Amino acid sequence: MESETRLVRICIEAACETRESVEKWRRQRRTLERIPSLLADAILRRLIHRGLLFPSLLEVFKHSVEVVDLRGENAVDAEWIAYLGAFRCLSSLNLADCHRINSSALWALTGMTSLRELDLSRCAKVTDAGIKHLLSISTLEVLRISETGLTANGVTLISALRNLSVLDLGGLPVTDAALSSLQVLKKLEYLDLWGSNITNKATTVLQLFPKLSFLNLAWTSITRLPNLSSLECLNLSNCVIESVSEGDGNKAPLTKLVYSGTTFANDADVFLHIEPTFLSFLDVSNSSLQRFYFLTCMKMLEHLDLSSSMIGDDSVEFIACIGSTLRNLNLCKTRVTTAGVEILAQHVPNLEFLSLSHTPIDDLAISYIGTIPSLKVVDLSNTNITGANSSLKFLCLGFCILIPLHNDIKT
């Protein structure tokens with residue numbers, strides 16, 4: 001199997017070596033129509049990577065290719081989409097950051113019968129008119145249209161795509177009324193609404209998505225979020241929060257919670273209604289939190305980001321209480337000193353990544369860090385560490401890799 005894989009790789013390299021080699025096999029259209037999808041996908045990816053793909057060449061792939069990723073390709077325009085619209089097996093099309101794509105170009109995709117995933121993120125020329133061309137693609141399950149030219153009226157049109165499970169509307173002016181129109185999408189599992197215009201009035205609509213497991217409400221005016229019993233991942237970055245998950249029923253089995261840059265009305269209520277049993281990822285970086293005693297209940301945490309927070313040596317004991325499960329800990333730009341590192345090092349046997357950059361730790365901290373048995377990477381940039389010799393000795397011991405990101409460990 002390994003030799004066959006290498007042979008296939010050699011063949012792909014030869015087929016995509018130059019424009020001349022591409023032209024040779026381009027004429028063998030019948031052979032290409034019978035090429036397996038996986039091989040056709042690999043050849044197409046290589047052509048894109050080497051800049052050898054052009055619109056008319058797409059035609060030879062229309063019977064075989066299932067996945068096309070053209071993200072960031074500035075040359076892609078309506079002519080390219082015209083050829084892609086004829087692809088009979090196409091299931092995934094990524095056009096993110098293709099800035100020449102406009103609404104009229106999407107007409108070529110009308111009525112496609114196998115397309116399940118479409119990414120138009122940051123295609124600013126795609127407007128409400130463009131969405132109308134997509135409504136006949138009943139097979140769509142994933143639609144990403146963040147930072148396009150859609151209005152709230154365009155968002156309401158999406159309610160016709162009843163098979164959607166993933167919908168990214170980030171950066172769009174989604175209103176309460178527009179969100180309400182989407183409640184018919186009962187298969188929705190992933191919903192991104194960052195930067196939208198929704199208010200607390202619309203949060204009850206979110207309870208009407210029975211399978212919703214991912215929700216991004218960052219940069220919105222939401223202050224109160226009711227209990228969403230199926231939610232596993234929640235992002236409320238840069239919001240002003242009064243309460244989360246308050247309400248009856250089974251608590252959401254959250255595994256990932258992001259509060260980066262969030263302002264809390266009351267520290268005591270931040271995690272009052274959060275079920276900590278499943279939480280493995282918590283980001284409260286740059287938030288307004290002053291007290292950190294809530295950490296003691298989060299016994300399953302593996303990733304904890306406290307960077308740019310108010311945590312100091314007096315609160316390190318709360319991290320120590322849950323240290324046995326931690327693998328990734330970010331204390332960048334905090335008030336933690338060498339004394340705090342001494343306490344921490346005794347309670348994090350499984351820690352693999354540690355960031356202490358922009359903290360007031362000194363050379364003595366290195367000896368404590370060296371006792372952490374599983375540590376692989378540590379960031380000590382912009383600290384008070386001055387002993388180059390001790391740093392090199394520590395590195396040679398193999399405990400971890402030092403990362404002076406800006407070459408600022410003084411010598």
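Among contacts in the chain between residues at least 6 apart in sequence, what percentage join residues at least 24 apart? The share is 51%, where contact means heavy atoms within 4.5 Å. This is a predicted model, in which local features need pLDDT of at least 70 and side-chain atom pairs count only at pLDDT 80 or more, while totals for chains, interfaces and linings use all residues. Residues are numbered from 1 along each chain as its sequence is written, and side-chain values use heavy atoms, with hydrogens and water left out.

**Overall form and confidence**

- The chain has 411 residues, of which 48% count as buried; buried means under 20% relative accessible area, exposed over 50%, and partly exposed in between, with a 1.4 Å probe and protein chains only.
- The chain contains 13 helices and 19 strands; helices (H or I, at least four residues) and strands (E, at least two) are DSSP runs, numbered from the N terminus.
- Taken along the principal axes, the box filled by the C-alpha atoms is roughly 70 × 55 × 35 Å.
- Mean pLDDT for the chain is 90, and 91% of residues reach 70 or more; pLDDT is the predictor's confidence in each residue, from 0 to 100.
- Over residues 388-397 pLDDT stays under 50, and the model has 16 contacts beyond four places in sequence for this stretch.

**The nonpolar core**

- The largest nonpolar core holds 125 residues, and Phe-61, Ile-158, Leu-169, Leu-191 and Leu-282 touch the most other members. A nonpolar core is a set of buried Ala, Val, Leu, Ile, Met, Phe, Trp, Tyr and Cys residues joined through side-chain atoms within 4.5 Å.
- Helix H4 (residues 37-49) gives the most to this core, with six residues.
- Beyond its neighbours within four places in sequence, Leu-282 is in contact with Leu-257, Phe-271, Phe-294, Leu-295, Met-298, Leu-301, His-303, Leu-304 and Asp-305.

**The cavity**

- Rolling a probe the size of a water molecule over the atoms shows where empty space is left.
- The count is one cavity of 30 Å³ or more. On a 1 Å grid over the protein atoms alone, a cavity is a set of points where a 1.4 Å probe fits but cannot get out, and lining residues have an atom within 4 Å of a point.
- The largest cavity has a volume of about 40 Å³; grid points are joined across faces, edges and corners, and a volume is the space filled by probe spheres set on the points.
- Its lining is formed by Ile-241, Glu-242, Ser-243, Val-244, Tyr-259, Phe-264, Ala-265, Asn-266, Asp-269 and Val-270.
- Six of the lining residues are nonpolar, two polar and two charged. Here Ala, Val, Leu, Ile, Met, Phe, Trp, Tyr, Cys and Pro count as nonpolar, Asp, Glu, Lys and Arg as charged, and the others, Gly among them, as polar.

- Asn-94, in strand S2 (residues 92-94), counts as buried because its relative accessibility is 13%. Apart from neighbours within four places in sequence, Asn-94 is in contact with Val-68, Asp-69, Leu-70, Arg-71 and Asp-119.
- Asn-216 belongs to strand S7 (residues 214-216) and is buried at 9% relative accessibility.
- Ser-309 lies in the loop between strand S15 (303-305) and helix H10 (316-320), and its relative accessibility of 4% makes it buried. With neighbours within four places set aside, Ser-309 is in contact with Val-284, Asn-286, Phe-292, Lys-333 and Thr-334.

**Exposed and partly exposed residues**

- Glu-147, a residue other than glycine, has a positive phi near 55°. Its place is the loop between strand S4 (142-144) and helix H7 (152-157), and Glu-147 is partly exposed, with a relative accessible area of 36%.
- His-358 is not a glycine, although its phi is positive at about 60°. His-358 is in the loop between strand S17 (353-355) and helix H12 (364-369) and is partly exposed at 35% relative accessible area.
- Ala-177, in helix H8 (residues 176-181), is exposed because its relative accessible area is 57%.

Methods. On a 1 Å grid over the protein atoms alone, a cavity is a set of points where a 1.4 Å probe fits but cannot get out, and a pocket is an open set with protein on both sides within 12 Å along at least five of seven lines; lining residues have an atom within 4 Å of a point.
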